[in-house]
Amino acid sequence: MSRRLVPGCLVLSDWYRSAESKEFFSSLLYKNRRKHFGLLEGPALPLKLSVDTVSYKIFVCGKSGVGKTAFVAKLAGLEVPSMHHETTGIQTTVVFWPVKLRENGRILMFRLQFWDCGENAIRRFDHLLPACRDQADAMLLLFSFTDRSSFDDLFNQLARLSGPENGILKLVVGTKFDQFMHTDVTEKELREFQQAWAVPVFRFQSSVSGVSQPALEDVAPLLNGLAEHLWNQDQLAVSLQTETGVC
């Protein structure tokens, strides 16, 4: 389980709005639209802006219909599907996101590879779930604020994942948070859930269908938060190795 972090304690939350960040984020754009990077591609930065890239594999899981594919598409700046279609196999999406560390001002380029697999496909084909979880650095467990059963299912998912994979970072994301008029999950229940499981919970607005891309402001809180937790996990692992004499 992950220790609770105050948002912005490790990375500068508003750095993406600064003049310093402009060239870094420009490398993620083409004609003012987010680029789609393949598995072997990456942003082309000028030599003067050369920074370290840190890579992570992230497995996105949750009940069918909670918005996993739309969630990843929005993070990547891609067009959000207008209709729900069950993902038939494994779908991978690469998202690059630069951050500036608060402690030393170091700039890092996070390469986040999201693995999304349809719930029915996982049930039908035994090899898909192990492939998604193999060498994963984090698991994002999604539920929908408009689907009570998807929230109740989190307890079963966390119980299954709390055993041999305790080294994998676990984060919970509630989708369709902006549809508050139809919410089936209360803030009190979320607080109780966080206290019981010590797992960070992010709130994410539902994606707007159509050709327009999500603005950076729409995805920055979650991507900054994800980067912060991943970096914190790495630093804790380094500290543990140092204490135990492992090198």
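Start by selecting Ala198, which sits in the loop between α6 and β8 (helices, H or I of at least four residues, and strands, E of at least two, are DSSP runs numbered from the N terminus). Its phi is near 55°, a positive value in a residue other than glycine. Ala198 counts as partly exposed at 36% relative accessibility; here buried means under 20% relative accessible area, exposed over 50%, and partly exposed in between, with a 1.4 Å probe and protein chains only.

Before moving on, keep in mind that this is a predicted model, where local features need pLDDT of at least 70 and side-chain atom pairs count only at pLDDT 80 or more, while totals for chains, interfaces and linings use all residues. Residues are numbered from 1 along each chain as its sequence is written, and side-chain values use heavy atoms, leaving out hydrogens and water.

Now step back to helix α6 (residues 187-197), which lies across β6 (138-144), β7 and β8 and runs at about 150° to β8. Axes are lines fitted to C-alpha atoms, for helices over the stretch in contact, and angles run from 0 to 180 degrees between N-to-C directions. In the loop between β7 and α6, pick Lys176. Lys176 is another non-glycine with a positive phi, about 60°, and it is partly exposed with a relative accessible area of 23%.

Buried or exposed? Thr175 is buried, with a relative accessible area of 5%. Leaving aside neighbours within four places in sequence, Thr175 is in contact (heavy atoms within 4.5 Å) with Val66, Leu142, Phe143, Ser144, Phe145 and Phe204.

Next, colour the sheet. Six strands make an open sheet in the order β4-β5-β3-β6-β7-β8, with mixed pairing; two strands pair if DSSP finds at least two bridges between them. β4 and β8 (201-203) stand at the edges with a single partner strand each, so one side of each has no neighbour in the sheet. From one strand to the next, the twist averages 30°.

At the β8 end, three bridges join β7 to β8, and the two run parallel. Look for Val172, whose bridge partner in β8 is Val201.

At the other end, β4 and strand β5 (residues 107-117) run antiparallel, joined by 11 bridges. Phe96 has Arg111 as its bridge partner in β5. The hairpin of β4 and β5 has six residues between the strands, and Gly105 there takes a positive phi near 75°. Although β4 is an edge strand, eight of the 11 residues of β4 (residues 90-100) are buried, so it is largely enclosed by the rest of the structure.

Show side chains for the largest nonpolar core, which has 45 residues. Such a core is a set of buried Ala, Val, Leu, Ile, Met, Phe, Trp, Tyr and Cys residues joined through side-chain atoms within 4.5 Å. Phe71, Phe110, Leu112, Phe114, Leu140 and Leu230 have the most contacts inside it. α7 gives the most to this core, with eight residues. Zoom in on Phe110: its contacts beyond four places in sequence include Phe96, Trp97, Leu230 and Trp231. Apart from this core lies another, of 23 residues, among them Cys132, Phe145, Phe151 and Val172.

Finish on Cys132, which is buried at 0% relative accessible area. How far is its sulfur from the closest cysteine sulfur? The distance to Cys117 is 4.6 Å, too far for a bond, as a disulfide is a pair of cysteine sulfur atoms within 2.5 Å. Cys117 is also buried, at 2%, and a search of the whole structure finds zero disulfides.
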